[in-house]
Amino acid sequence: MITIDRTASRSVHDQLVDQLRYLISSGQYRVGERLPSTRALGDQLGVSFHTVRKAYQTLEQAGLLAVQQGSGFTVLAPRPLAKDARMEQGATVMQGALRSLVGLGLTPVEIDLLYQEQAETLQDQTYELKLIATAPYLELARLCAAPLHQALQRPVDAVSLDQLDAHQDADYVFAPLADVRRAMQQVPRADVLGLQVQLVSPGLERIARMLDHETLGMFTHDAASLAPLTQAVRSLTGFPGQVLGLSFDHRGSLETVFRQIDVALYTPSCARHVRPHLRADLAHAELSVTLSDSTRTMIRQRVPDR
């Protein structure tokens with residue numbers, strides 16, 4: 001993973017710092033991961049552990065590593081420079097590299113070919129992005145994660161806003177538009193993208209035609225989901241009648257509820273609990289979330305391909 005060129009004009013310390021910085025920035029060393037001990041890495045590379053320690057300390061001063069007595073050096077969440085500073089430092093590095101390549105006798109065409117070749121190599125080495133779908137309650141986050149996974153063809157974890165603080169290493173966080181500001185405050189280093197989401201279900205049309213004396217059964221996995229999902233369904237359908245709600249983390253009497261309802265609406269998280277109790281004559285449907293076309297286009301443009 002790390003190699004030392006003893007014929008290079010750059011010092012071993014500088015080579016170590018550059019390669020470690022790349023491994024951290026590219027995610028091959030993840031946030032919270034402990035680096036090899038200074039003695040172990042020194043033995044592996046055939047250099048003094050003092051040299052390794054000095055390189056680690058340089059990265060600690062740069063805010064990339066933290067050291068704890070007895071635990072060694074661990075990777076911190078990156079604190080990227082401002083764009084102007086990144087571009088300025090990058091230009092300096094690029095200028096030095098181009099001068100060296102020209103000094104070797106390479107032509108502009110050969111330099112361009114080398115760039116394209118190395119860029120493809122770096123893409124092959126990129127790590128799997130950490131993608132998070134978040135919402136005020138976990139069940140809505142799960143509902144949002146499903147179409148995101150379908151659109152991106154990548155794993156998307158579901159996390160409630162209350163738990164988002166534990167995911168400082170997230171690369172992209174997707175949140176309903178009303179929750180974008182809070183998500184930005186909780187994970188300032190992530191790229192937070194706002195979602196235009198819409199609850200959908202073949203059962204919503206049936207609920208819109210329900211009479212006042214009829215009863216809707218609303219089933220969720222989590223108790224925290226019942227009230228907001230019920231309100232959202234009422235708002236979408238205009239149904240003013242009675243709703244009997246039941247969550248499966250605080251399960252009540254299923255048989256009693258099913259005897260009293262005319263339509264059953266349930267989330268995917270609790271579908272396996274609900275389906276065995278569905279009568280043949282009972283209208284029922286699963287609730288899901290769809291993303292607007294503009295949201296799908298935006299996330300495909302903003303989130304890089306593999």
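Ala, Val, Leu, Ile, Met, Phe, Trp, Tyr, Cys and Pro count as nonpolar, Asp, Glu, Lys and Arg as charged, and the others, Gly among them, as polar. The views below come from a predicted model.

**View 1. The lining of the second largest pocket has nine nonpolar residues, one polar residue and no charged residues.** The volume of this second largest pocket is about 160 Å³. Its lining is made up of Tyr137, Leu140, Val197, Gln198, Leu199, Pro228, Leu229, Ala232, Leu236 and Val289. Two elements, β7 (197-200) and α9 (223-237), each supply at least two residues of the lining. Helix α9 gives the most, with four residues.

**View 2. Phe219 and Phe258 form a stacked pair.** The structure holds two aromatic pairs. In the pair shown here, the ring centres of Phe219 and Phe258 are 4.9 Å apart. Their planes meet at 10 degrees, so the pair counts as stacked. The cut-off for stacking is under 30 degrees. The pair links distant parts of the chain. Phe219 belongs to strand β8 (residues 215-220), and Phe258 to helix α10 (residues 254-260). The two residues are 39 residues apart. Phe219 is buried, at 0% relative accessible area. Phe258 is buried too, at 4%.

**View 3. Arg39 lies over the face of Phe49.** The distance from Arg39 to the ring centre of Phe49 is 4.2 Å.

**View 4. Cys144 and Cys270 are not joined by a disulfide.** How many disulfides does the structure hold? The count comes to zero. A disulfide needs two cysteine sulfur atoms within 2.5 Å. For Cys144, the closest cysteine sulfur is that of Cys270, and it is 16 Å away, so the two are too far apart for a bond. Cys270 is in no disulfide either; its nearest cysteine sulfur is that of Cys144. Are these cysteines buried or exposed? Cys144 is buried, with a relative accessible area of 0%. Cys270 also counts as buried, at 0% relative accessibility.

**View 5. Gln153 has a positive phi.** Most residues other than glycine have a negative phi. Gln153 is a residue other than glycine, yet its phi is near 55 degrees. Where is Gln153 found? It is in the loop between α6 (138-152) and β4 (157-160). Its relative accessibility is 53%, so Gln153 counts as exposed.

**View 6. Gln186 is a buried residue in helix α7.** The helix covers residues 180-186. The relative accessible area of Gln186 is 12%. Buried means under 20%, so Gln186 falls in that class. Leu138 gives a reference point along the chain, 48 residues apart from Gln186. The C-alpha atoms of Gln186 and Leu138 are separated by 16 Å.

**View 7. Asp191 is partly exposed in strand β6.** The strand covers residues 191-195. The relative accessible area of Asp191 is 26%. Asp191 and Leu226 are 35 residues apart along the chain. Their C-alpha atoms are separated by 30 Å.

Conventions: Residues numbered from 1 in each chain as written. Predicted model: local features only at pLDDT ≥ 70, side-chain atom pairs only at ≥ 80, totals over all residues. Heavy atoms only, no water. Phe/Tyr/Trp six-rings, centres within 6.5 Å; stacked < 30°, edge-to-face > 60°. Buried < 20%, exposed > 50% of the residue type's maximum accessible area, 1.4 Å probe, protein only. Lys NZ or Arg CZ within 6 Å of the ring centre and 35° of its normal. 1 Å grid on protein atoms, 1.4 Å probe; cavity = no way out; pocket = protein on both sides within 12 Å on 5 of 7 lines; lining within 4 Å. Points joined across faces, edges and corners; volume = space filled by probe spheres on them.
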